[in-house]
Amino acid sequence: MGADSKRTMNQLNGEINTYLNTVFLDLANELAKKTPKRTGKASRGWRRSGQYDITKEGEQEVIRNNVDYIAVLETGTSKQAPQGMINPAVEIVNRRNNKRF
């Protein structure tokens, strides 16, 4: 691969990474909004755990919530989020991003 091709590939990878990390930030914010709030602990628990990098192989964790009961909330045990939080948040972010294209 020539120098120009490498430069173009690096630039494209950078633009893709920027876009994907913007989407993940949007998703983390939407997850916080969708999470039931009694004390606010679960909602505040959503964190970006890293930056996604398209050039890295394997799974990359970019959003997490370490609150011990987050999985219980995800099963729909709260009247505030009977469908859980993840699927509704992903659907909203997908709709927003589909409008961009």
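Author: In this predicted model, contact means heavy atoms within 4.5 Å.

Reader: Which residues does Ile 63 touch, not counting those up to four places away in sequence?

Author: With neighbours up to four places away in sequence set aside, Ile 63 touches Phe 24, Leu 27, Ala 28, Leu 31, Trp 46, Arg 47, Arg 48 and Ser 49.

Reader: What place does Ile 63 have in the largest nonpolar core?

Author: That core has 16 residues, and Ile 63 is listed with Leu 27, Leu 31, Trp 46, Ile 70 and Met 85 as touching the most other members. At least two residues of the core come from each of helix 1 (3–34), helix 3 (70–74) and helix 4 (86–100), and helix 1 gives the largest share, 5 residues.

Reader: Why is Asn 65 called buried?

Author: Buried means under 20% relative accessible area, and Asn 65 has a relative accessibility of 11%, so Asn 65 counts as buried. Its place is in strand 2 (residues 63–65).

Reader: Which residues line the largest pocket?

Author: Ala 42 is among them, as are Pro 36, Lys 37, Tyr 69 and Gln 80, and the pocket holds about 190 Å³ of space.

Methods:
Residues are numbered from 1 along each chain as its sequence is written. This is a predicted model: local features need pLDDT of at least 70, side-chain atom pairs count only at pLDDT 80 or more; totals for chains, interfaces and linings use all residues. Side-chain values use heavy atoms; hydrogens and water are left out. On a 1 Å grid over the protein atoms alone, a cavity is a set of points where a 1.4 Å probe fits but cannot get out, and a pocket is an open set with protein on both sides within 12 Å along at least five of seven lines; lining residues have an atom within 4 Å of a point. Grid points are joined across faces, edges and corners, and a volume is the space filled by probe spheres set on the points. Helices (H or I, at least four residues) and strands (E, at least two) are DSSP runs, numbered from the N terminus. Buried means under 20% relative accessible area, exposed over 50%, partly exposed in between (1.4 Å probe, protein chains only). A nonpolar core is a set of buried Ala, Val, Leu, Ile, Met, Phe, Trp, Tyr and Cys residues joined through side-chain atoms within 4.5 Å.
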